[in-house]
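Colleague: I should like to examine the reasoning behind the descriptions given for this model. Please set each value against the criterion it has to meet.

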Amino acid sequence: MTQLSPQTVYDNLELLDRVDVARSAHYRQQAIEILSDLQVSLSWRQAIASRLDNADHLLAMQSPGAEDNSY
């Protein structure tokens, strides 16, 4: 299904809080692609899902910054 390296996707998820919004969205999309690829081992999919869940949890705990225009 995909040519993405699970290791690369896993590593990129560690960078979500250090990259711009567009890059973060791209990394998240890559993670979703890996998670939906049944040819990727279950252990990799579990590790990626866990890291994505942790990143989402940290994002939910952040306060909006002065530059955040969302409501």
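Modeller: Let us begin with contact, which means heavy atoms within 4.5 Å. On that criterion, residues 24 or more positions apart account for 57% of the contacts in the protein chain with a separation of 6 or more. The model is a predicted one.

Colleague: How do you know what confidence the predictor places in the protein chain?

Modeller: The pLDDT is the predictor's confidence in each residue, from 0 to 100. The protein chain averages 89, and 85% of the residues score at least 70. Confidence is highest in α1, at a mean of 97, and lowest in α3, at 94. As a caution, where pLDDT is low, the predicted coordinates should not be read in detail.

Colleague: What makes up the pattern of the protein chain, read along the sequence?

Modeller: The protein chain has three helices and zero strands, and its pattern along the sequence is therefore written α-α-α.

Colleague: Why is Q30 called buried?

Modeller: Buried means under 20% relative accessible area. Q30, which lies in helix α2, has a relative accessibility of 13% and therefore counts as buried. Leaving aside neighbours within four places in sequence, Q30 is in contact with L4, V9 and N12. Q30 and L13 are 17 residues apart in sequence, and their C-alpha atoms are 9.4 Å apart in space. In the protein chain of 71 residues, 25% are buried.

Colleague: Why are the buried residues of α2 said to line one face of the helix?

Modeller: The buried residues of α2 are S24, Y27, Q30, A31 and I34. Seen down the axis of α2, they fall within an arc of 120 degrees, so they line one face. On the other side of α2, V21 and A22 are exposed. The cover over the buried residues of α2 includes α1 and α3.

Colleague: Which residues of α1 are buried, and why are they assigned to one face?

Modeller: In α1, the buried residues are P6, V9, N12 and L13. Their arc, viewed down the axis of α1, is within 130 degrees, so they too line one face of the helix. These buried residues pack against α2 and α3.

Colleague: What puts the buried residues of α3 on the same side?

Modeller: R45, I48, R51, L52 and A55 are the buried residues of α3. They cover an arc of only 135 degrees around the axis, which puts them on the same side of α3. L42, L58, A60 and M61 are exposed on the other side. The buried residues of α3 pack against α1 and α2.

Colleague: Which residues make up the largest nonpolar core?

Modeller: There are ten: V9, L13, L16, Y27, A31, I34, V40, I48, L52 and A55. Each of α1, α2 and α3 supplies at least two residues of this core. Apart from neighbours within four places in sequence, L13 is in contact with Y27, A31, I48, R51 and L52.

How values were computed
Residues numbered from 1 in each chain as written. Predicted model: local features only at pLDDT ≥ 70, side-chain atom pairs only at ≥ 80, totals over all residues. Heavy atoms only, no water. Buried < 20%, exposed > 50% of the residue type's maximum accessible area, 1.4 Å probe, protein only. Helix = DSSP H or I, 4+ residues; strand = E, 2+ residues; numbered from the N terminus. Arc of directions from axis to C-beta. Core = buried A, V, L, I, M, F, W, Y, C linked by side-chain atoms within 4.5 Å.
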